[in-house]
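Here are my notes on this one, in the order I'd go through them with the viewer open.

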Amino acid sequence: MLNSIIENYPDETFLIADGFDQAVIGVDTHSMRLIYSVSKCIEILEEDMSTEDAIEHFDYNVSGAYVGEQTPIWCYDLYLV
């Protein structure tokens, strides 16, 4: 998906979250920000840590980080319990 978005918008510069390329699910064409699936991000993190640690890491280090106007959009597509 990420490569397709980059190809379709060659004049845009996207802020890409390191290690989460497979979690990209779209782009907001108004703000030109990438949209990431939170559930897919958690799955990626779970490759190296427990579910609880993955959720905590994501909440604190990933979604909690503001990196300017191009900060990605995090789509909470599954409710995590």
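This is a predicted model: local features need pLDDT of at least 70, side-chain atom pairs count only at pLDDT 80 or more; totals for chains, interfaces and linings use all residues.

1. Now the helix pair. Helix α2 (residues 38-45) packs against helix α3 (residues 51-62) at an angle of about 120°, and the axes are 9 Å apart. As for handedness, the crossing of α2 and α3 is right-handed.

2. Who makes that contact? On the α2 side the residues are V38, C41, I42 and L45, and on the α3 side they are A54, I55, H57 and F58. By class, the contact of α2 with α3 has seven nonpolar residues, one polar and no charged.

3. Staying with α2: six of its eight residues are buried, so I'd call the helix mostly covered, given that buried means under 20% relative accessible area. The buried ones are V38, S39, C41, I42, I44 and L45. What do the buried residues of α2 pack against? Their partners are β2, α3 and β3.

4. A54 is worth a click. This residue sits in helix α3 and is buried, with a relative accessible area of 0%. Its C-alpha is 5.8 Å from that of I42, although A54 and I42 are 12 residues apart in sequence. If you skip residues up to four places away in sequence, A54 touches I42, L45, E46 and M49.

5. On to the aromatics. A pair of aromatic rings is described by the distance of the centres and the angle of the planes. With a cut-off of 6.5 Å between ring centres, the count is three aromatic pairs. One of them is Y9 with F14: the centres are 6.4 Å apart and the planes are at 80°, so this pair is edge-to-face. F14 is buried at 12% relative accessibility, whereas Y9 is partly exposed at 28%.

6. Another pair is Y36 with W74, which is tilted, with 5.0 Å centre to centre and 35° between the planes. Y36 belongs to strand β2 (residues 33-37) and W74 to strand β3 (residues 73-75), so the pair ties together parts that are 38 residues apart in sequence. Both Y36 and W74 are buried. Ring pairs also bring in F58, giving a cluster of Y36, F58 and W74. F58 is one of the α3 residues in the contact from point 3.

7. Back to Y9, which lies in the loop between α1 (2-8) and β1. Leaving out neighbours within four places in sequence, Y9 is in contact with F14, V27, T29 and M32.

8. Last, a backbone point. Most residues other than glycine have a negative phi. M32 is not a glycine, yet has a positive phi of about 55°. Where is M32? M32 lies in the loop between β1 (24-28) and β2. Buried or exposed? At 11% relative accessibility, M32 counts as buried. M32 is also one of the contacts of Y9 listed in point 8.

Technical notes
Residues are numbered from 1 along each chain as its sequence is written. Side-chain values use heavy atoms; hydrogens and water are left out. Rings of Phe, Tyr and Trp (its six-membered ring) pair if their centres lie within 6.5 Å; planes under 30 degrees apart count as stacked, over 60 as edge-to-face and the rest as tilted. Buried means under 20% relative accessible area, exposed over 50%, partly exposed in between (1.4 Å probe, protein chains only). Helices (H or I, at least four residues) and strands (E, at least two) are DSSP runs, numbered from the N terminus. Axes are lines fitted to C-alpha atoms, for helices over the stretch in contact, and angles run from 0 to 180 degrees between N-to-C directions. A crossing is left-handed if the near helix is turned anticlockwise from the far one by less than a right angle, and right-handed if clockwise. Contact means heavy atoms within 4.5 Å. Ala, Val, Leu, Ile, Met, Phe, Trp, Tyr, Cys and Pro count as nonpolar, Asp, Glu, Lys and Arg as charged, and the others, Gly among them, as polar.
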